[in-house]
Amino acid sequence: MHPEYTNSDSSPHRLKRSFDSDDTSNSELEQLLSEEKRILDRIAQLEKELSKVRSSKDSSGVVAIADGRTKLNREDKILQLKHEDIDWKQYEAPEWCIPIKANVLDFDFKSLGAACQFDVILMDPPWQLATHAPTRGVAIGYQQLPDTCIEDLPISSLQTNGFVFIWVINNKYHKAFELMERWGYTFVEDITWVKQTVNRRMAKGHGYYLQHAKETCLVGKKGQDPPQCRRSISSDVIYAERRGQSQKPIQLYELIEELVPEGKYLEIFGRKNNLRDYWVTIGNEL
């Protein structure tokens, strides 16, 4: 008779192995169910965030960040430059820059971090705007991201020692501090960009209570100072002309390069107009 059908099949040892196998299967099943619950909770959270984005748009796709009004005043041209209106050809890529055109949300940052640990990381996240913030509508020429998408970026894998610079909008200060703590950083500085016109007057923009004429970049530090790091340099206030939408002043890049000379620099959510020699820039608009 075939060994499979002998009486030894029902021996205590074989039954014990059978029960052990069942226990293992049950344990694996419980792990899978737990993971499934975590994923479903995550999906529900993302759907909730995305519903806020959808509800903030009218039928024409214009983001409504006014007090119930979504139509744009066509005579108000300031800060209403749409993405398609920008002549990107005028921005030629510097010879020694390293642009990486990619979707930041699914880019393999961990492999990049394994190849290079950066001294400075700069990011200008496409924060989801509050629908009630300014007093008039503004045309937004880029896709906004829910906070949960930004906080899931594996920033901690890109840097052991160094600085992170995060541009922040008014209603996201608290979230930016949360991100720093989540990624392993301690807040150390903040930089204010005072916006100017071509005539060097203060360039005022939209605001809910006050007109906004500045932007803020928060600075966090992780681990030790990077090699060749300098202290007490430059200034925490930048006076610079306001240019295209979301285009940040070149003075910030110069400040970073003065802070950490000959460092390894990375910009996330970068655009073609901010490409710079000796910087790695990652974004989907390069």
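Guide: Buried means under 20% relative accessible area, exposed over 50%, and partly exposed in between (1.4 Å probe, protein chains only). Helices (H or I, at least four residues) and strands (E, at least two) are DSSP runs, numbered from the N terminus. This is a predicted model, in which local features need pLDDT of at least 70, side-chain atom pairs count only at pLDDT 80 or more, and totals for chains, interfaces and linings use all residues. Residues are numbered from 1 along each chain as its sequence is written, and side-chain values use heavy atoms, with hydrogens and water left out.

Visitor: Which residues of helix α4 are buried?

Guide: In α4 (residues 173-183), they are K175, A176, L179, M180 and W183. Because they cover an arc of only 145 degrees around the axis (taken from the directions from the helix axis to the C-beta atoms), they lie on the same side of α4. The face turned away from this buried side carries the exposed residues H174, E181 and R182.

Visitor: What do the buried residues of α4 pack against?

Guide: Their partners are β2 (120-123), α3 (147-151), β3 (162-168), β4 (186-196) and β5 (214-222), where contact means heavy atoms within 4.5 Å.

Visitor: Which residues touch the most other members of the largest nonpolar core?

Guide: In soluble globular proteins, nonpolar side chains tend to be buried together. A nonpolar core is a set of buried Ala, Val, Leu, Ile, Met, Phe, Trp, Tyr and Cys residues joined through side-chain atoms within 4.5 Å. Here the largest has 27 residues, of which I121, I155, W183, L266 and I268 touch the most other members. Helix α4 gives the most to this core, with four residues.
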